[in-house]
Amino acid sequence: MGQCYYNETIGFFYNNSGKELSSHWRPKDLVVVALGLTVSVLVLLTNLLVIAAIASNRRFHQPIYYLLGNLAAADLFAGVAYLFLMFHTGPRTARLSLQGWFVRQGLLDTSLTASVATLLAIAVERHRSVMAVQLHSRLPRGRVIMLIVGVWVAALGLGLLPAHSWHCLCALERCSRMAPLLSRSYLAVWALSSLLVFLLMVAVYTRIFFYVRRRVQRMSEHVSCHPRYRETTLNLVKTVVIILGAFVVCWTPGQVVLLLDGLGCKSCNVLAVEKYFLLLAEANSLVNAVVYSCRDAEMRLTFRRLLCCRCLRPSTHESVRYTASTHTGASTRIMLPENGHSLMDSTL
């Protein structure tokens, strides 16, 4: 093992990687901080609202909503982590100790990993529910809790590894340009793991889509292709496109530059766009609240009650209307036949 540099300053590693460490606030630093603070505050407010809605409405005490609550908690944590970054960036970066820099990076890595892992867990739960023709998965509460704990153990493990072993303090030639204290291999693994999660989500939602389309086609043969069944398929396509599209738009740019940096691309100007792509990835924590929660009619009703500070229960008419709605959760409610008899609900 080569010489280690545990007593050096942040500036030493930034100079080694060729990343500029500003000594004063530049216009682009102010723009990034202003945008970052705005996004962080919106992320905090929206996800706090989602958590409050799930906690206050007993109808949400189902496995899928536990996972949605965990997603909101992960995104809330991401908002806090990014807020911490905004108060320790620009000229303030040079004042950080090595431990402080690892804390800043670890908070981001842990929160974003937990968010991505929960998105995959939600996709798997939806697959289980749809295939079983259930509105909500019948997973035991203990198993759901174990799944949530597993998400956070994986996230904490990936977030804490750099500070303890996966750094470049003893191998300067392996240092990343975007994160000058981290090993390039860590960035490559992080980017590839996120890509794997996306591919698994594509596989799960594609399987759900084709399964539902086959069931709808069978139904249409017996009901003369009622327009409602065509609408079901279109709604399902729309939901899948929104879910996967939001993930691609928010995560792909950042994962590409992480992978390029991790692979040691010297000619790639990753430093010119890294802050904006990180901001876009953080914005996914805001998008998640909209895609996975705000599209749920019952959730929107609960939001209105919370924001209006009224504890009145929805009327019977409203409950029936929202139960019969064809749009739910991150989701489209699909009506599938069970054993050729009455229709049953399943939610994507």
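Guide: Start with the link of C168 and C175: it is right-handed, with 100° about the S-S bond. The sulfur atoms of C168 and C175 sit 2.0 Å apart, inside the disulfide cut-off (cysteine sulfur atoms within 2.5 Å). This is a predicted model: local features need pLDDT of at least 70, side-chain atom pairs count only at pLDDT 80 or more, and totals for chains, interfaces and linings use all residues. Residues are numbered from 1 along each chain as its sequence is written, and side-chain values use heavy atoms, with hydrogens and water left out.

Now burial. Buried means under 20% relative accessible area, exposed over 50%, and partly exposed in between (1.4 Å probe, protein chains only). C168 is buried at 0%. C175 is buried too, at 7%.

Next, C4 and C170. Their sulfur atoms are 1.9 Å apart. The link of C4 and C170 is right-handed, at 110° about the S-S bond. C4 precedes α1 (10-17) and C170 lies in the loop between α5 (141-164) and α6 (184-222), so the pair ties together parts 166 residues apart in sequence. Helices here are DSSP runs (H or I, at least four residues), numbered from the N terminus. C4 is partly exposed at 27%; C170 is buried at 15%.

Then C265 and C268, with sulfur atoms 1.9 Å apart. The torsion about their S-S bond is about 70°, so this disulfide is right-handed. C265 is partly exposed at 21%, while C268 is buried at 18%.

The count comes to three disulfides. With the bonded cysteines numbered in sequence order, the pairing reads 1-3, 2-4, 5-6.

How values were computed: Helices (H or I, at least four residues) and strands (E, at least two) are DSSP runs, numbered from the N terminus.
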